[in-house]
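The following exercises ask the reader to work through a structure step by step.

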Amino acid sequence: MTSKVLLLAGTADATRLAGTLVDAGHRVTSSLAGVTSTPSPRAGEVRTGGFGGAAGLATYLRGERFDAVIDATHPFAARMPFNVAIACDEVGLPRCRLLRPEWQPGDGDRWVDVEDMAAVPAALDQLGSQRAFLAIGRQSLGSFAACPQWFLVRSIEPVTADLPRFESVRSRGPFTLDGELELFRRFAIDAVVAKNAGGTATEAKLVAARRLGLPVVMVARPRQPLGSTVVADVAAAQSWLSSPA
Ligand code: NAP
């Protein structure tokens, strides 16, 4: 049976899932927050911009008569998963959260785990880092505004945050191990700051850090709403849609 699905997007998995579901005959509307100026093309319909909180999303869901909602926003999207949970429960729609597995440290890794971005500057101080690589997206840079160290910042969009000393490189994944090794050597990076996003597209920085013996300050994911059906990949999300509950 085909369904009309709202897909909360903003990740490579969401782009892939839109293609998979459209190929299977589903009617898919991908929703983007509008934070990226040139989003990747994708199958199905696309809408852009916030809904106005959980209440706005509930109104939209009622009006568009969706059959199911799949939340494939980034693991660090802190608000949308809660808005989806509240709105779907209110409207009575089945919902599912696509959340890829977290990265786990392996042999030779030097990870320092921190609860959130605010805890990173202290962790870098403890490590004695002076030239850290920030692969955290530009929206999280505010936590580093008072840091005296130099940073290398990588982001898709231009950096607008006020960091005292930094250089930026604009780039969109996936990234290669050779590319990351070259970047870290060229800028004499002494520590890597990463969000525990999981997946393969941005994993090369962790392998490069291991190879070079660099510490990684790993930021834990934000909490998720209780009671969500969680699937780990695109195939599992497609299979959930065959009997959503
Ligand atoms: P967030 O904290 O969960 O969302 C903030 C607000 O942005 C939401 O309340 C919602 O506004 C709007 N929004 C978020 N995702 C949306 C979507 N897919 N469609 C329509 N509106 C959306 O998320 P965020 O961290 O700001 O991330 C924004 C977008 O960037 C997400 O789509 C996420 O997948 C993507 N992204 C985030 C990260 C990250 O590290 N946070 C990394 C890569 C990609 P209303 O309340 O008005 O509806």
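**Exercise 1. The surroundings of the ligand**

Which of the 21 residues around the ligand come nearest? Describe also the polar contacts and the make-up of the shell.

Solution. 

Step 1. The model is a predicted one. Within the set of 21 residues around the ligand, those that come nearest are Ser31, Phe51, His74, Met80 and Lys195.

Step 2. Consider next the backbone atoms that face oxygen atoms of the ligand. A polar backbone atom of Ala9 is 2.9 Å from an oxygen atom of the ligand. For Gly53, a backbone N or O atom lies 3.0 Å from an oxygen atom of the ligand. For Ala78, the distance from a polar backbone atom to a ligand oxygen is 3.3 Å.

Step 3. Taken alone, the ligand exposes 810 Å², and the protein buries 81% of that area.

Step 4. Two elements give two or more residues to the shell around the ligand: β2 (27–32) and α3 (80–91). By residue type, the shell consists of 9 nonpolar, 9 polar and 3 charged residues.

**Exercise 2. The setting of Ser31**

In which strand is the place of Ser31, and is Ser31 buried or exposed?

Solution. 

Step 1. Ser31 belongs to strand β2.

Step 2. The cut-off for a buried residue is a relative accessible area under 20%. Ser31 has 4% relative accessibility and therefore counts as buried.

Step 3. With neighbours within four places in sequence left aside, Ser31 is in contact with Leu6, Leu7, Leu8, Ala9, Arg47 and Phe51.

**Exercise 3. Salt bridges**

How many salt bridges does a search of the whole structure find? Examine three of them in turn.

Solution. 

Step 1. The search finds 9 salt bridges.

Step 2. One of them joins Glu64 and Lys4, whose closest N and O atoms are 3.8 Å apart. This pair links distant parts of the chain, for Glu64 is in helix α2 (residues 53–64) and Lys4 is in strand β1 (residues 4–8), 60 residues apart. Glu64 counts as partly exposed because its relative accessibility is 34%, whereas Lys4, with a relative accessible area of 14%, is buried.

Step 3. A salt bridge also forms between Arg16 and Asp13, with the closest N and O atoms 2.4 Å apart. Both residues are in helix α1 (residues 12–23); they are 3 residues apart, and therefore about one helical turn separates them. Asp13 counts as buried, at 12% relative accessibility.

Step 4. Arg62 forms a salt bridge with Glu90, and here the closest N and O atoms are 3.2 Å apart. The pair links distant parts of the chain, with Arg62 in helix α2 and Glu90 in helix α3, 28 residues apart. Arg62 is partly exposed, with a relative accessible area of 45%, and Glu90 is partly exposed at 48% relative accessibility.

Step 5. Some salt bridges share partners, and these join Asp13, Arg16 and Arg100 into one network.

**Exercise 4. The setting of Ser140**

Where is Ser140 found, and which residues does Ser140 touch, not counting those up to four places away in sequence?

Solution. 

Step 1. Ser140 is found in the loop between β7 (131–135) and β8 (150–155).

Step 2. The relative accessible area of Ser140 is 15%, so Ser140 is buried.

Step 3. Beyond residues up to four places away in sequence, Ser140 touches Met117 and Lys195. The side chains of Ser140 and Lys195 make a polar contact at 3.3 Å. Lys195 is also one of the residues that come nearest to the ligand.

Key. Residues numbered from 1 in each chain as written. Predicted model: local features only at pLDDT ≥ 70, side-chain atom pairs only at ≥ 80, totals over all residues. Heavy atoms only, no water. Near = heavy atom within 4 Å. Polar contact = N/O pair within 3.5 Å; in protein donor to acceptor, adjacent residues only side chain to side chain. Areas by Shrake-Rupley, 256 points an atom, 1.4 Å probe, with all protein chains shown as cover. Helix = DSSP H or I, 4+ residues; strand = E, 2+ residues; numbered from the N terminus. Nonpolar A, V, L, I, M, F, W, Y, C, P; charged D, E, K, R; others polar. Buried < 20%, exposed > 50% of the residue type's maximum accessible area, 1.4 Å probe, protein only. Contact = heavy atoms within 4.5 Å. Salt bridge = Lys/Arg side-chain N within 4 Å of Asp/Glu carboxyl O.
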